[in-house]
Amino acid sequence: MSQDGDGIDLDTSLGYLLKEAASALRTAMEAVLRPLGMTITHYSCLELLAQRPGLSNSELARGAFVTRQSMNVLLQALERDGSVTRAAEAPVGKALPTRLTEVGRTRLAAATAAVRSVEVRMLDGLSADDRAQALRLLRSMVRALRSGPRDVPTVTGRD
């Protein structure tokens, strides 16, 4: 509990520490991607396409945690620079499947090496068991949050 008795003690809040870790990770990733002319979303899009060729704009947006509109703007830029191709017409429905080109694969390889260096730095000093436990715990937290709210007592006022 915080000093005034209300709120969250930031020194012991796991949620706050996760946010701080996510912010530090983002900053470190941005620093290694910037010299490559990429953003985290740019890298995420290329990585998703390498692992799941043919994803649509909507699927890429969900995977990169951005809006469909933002992803569409990025895909147009990636098409212009030769990193991806999209079908002129949708094979089914309206979704245009997107694929990496050789240029995109080359750019992704450089970005992956840069991002991997950040992850290695982040995990330095952790044993294999620590890493496995961290993965298990974080996955459990994500599952719990995605399963929806449990019965949470509401505060109606002070006694």
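The legends below accompany an overview and several close-up views of a predicted model.

**Figure 1. Overview of the predicted chain and its secondary structure elements.** The chain holds six helices and two strands. Read from the N terminus, these elements follow the order α-α-α-α-β-β-α-α. The chain has 159 residues, of which 25% count as buried. Its accessible surface comes to about 11600 Å², and 55% of that surface belongs to carbon and sulfur atoms. Among contacts with a separation of 6 or more, 49% are made by residues 24 or more positions apart.

Figure 2. The side chain of Asn-57 reaches the backbone oxygen of Arg-68 at 3.2 Å. Leaving aside residues up to four places away in sequence, Asn-57 touches Arg-68, Met-71, Asn-72, Leu-75 and Leu-96.

**Figure 3. Phe-65 in the loop between α3 and α4.** Phe-65 is found in the loop that joins α3 to α4 (68–80). Although Phe-65 is not a glycine, it has a positive phi of about 60°. With a relative accessibility of 70%, Phe-65 counts as exposed.

**Figure 4. The salt bridge between Glu-30 and Arg-26 in helix α1.** The count for the model comes to four salt bridges, and one of them joins the side chains of Glu-30 and Arg-26, with an N to O distance of 3.2 Å. Both residues belong to helix α1 (residues 14–33); because they are four residues apart there, about one helical turn separates them. Glu-30 is partly exposed at 29% relative accessibility, and Arg-26 is partly exposed with a relative accessible area of 43%.

**Figure 5. The salt bridge between Arg-86 and Glu-79.** The side chains of Arg-86 and Glu-79 meet at 3.2 Å, N to O. Arg-86 is buried, with a relative accessible area of 17%, whereas Glu-79 is partly exposed, at 31%.

**Figure 6. The salt bridge between Arg-105 and Glu-102 in helix α5.** The side chains of Arg-105 and Glu-102 form a salt bridge with an N to O distance of 3.3 Å. Both residues lie in helix α5 (residues 102–123), where they are three residues apart, about one turn of the helix. Arg-105 counts as partly exposed at 42% relative accessibility. Glu-102 counts as exposed because its relative accessibility is 57%, and the exposed class begins over 50%.

Definitions and conventions: Residues numbered from 1 in each chain as written. Predicted model: local features only at pLDDT ≥ 70, side-chain atom pairs only at ≥ 80, totals over all residues. Heavy atoms only, no water. Polar contact = N/O pair within 3.5 Å; in protein donor to acceptor, adjacent residues only side chain to side chain. Contact = heavy atoms within 4.5 Å. Buried < 20%, exposed > 50% of the residue type's maximum accessible area, 1.4 Å probe, protein only. Areas by Shrake-Rupley, 256 points an atom, 1.4 Å probe, with all protein chains shown as cover.
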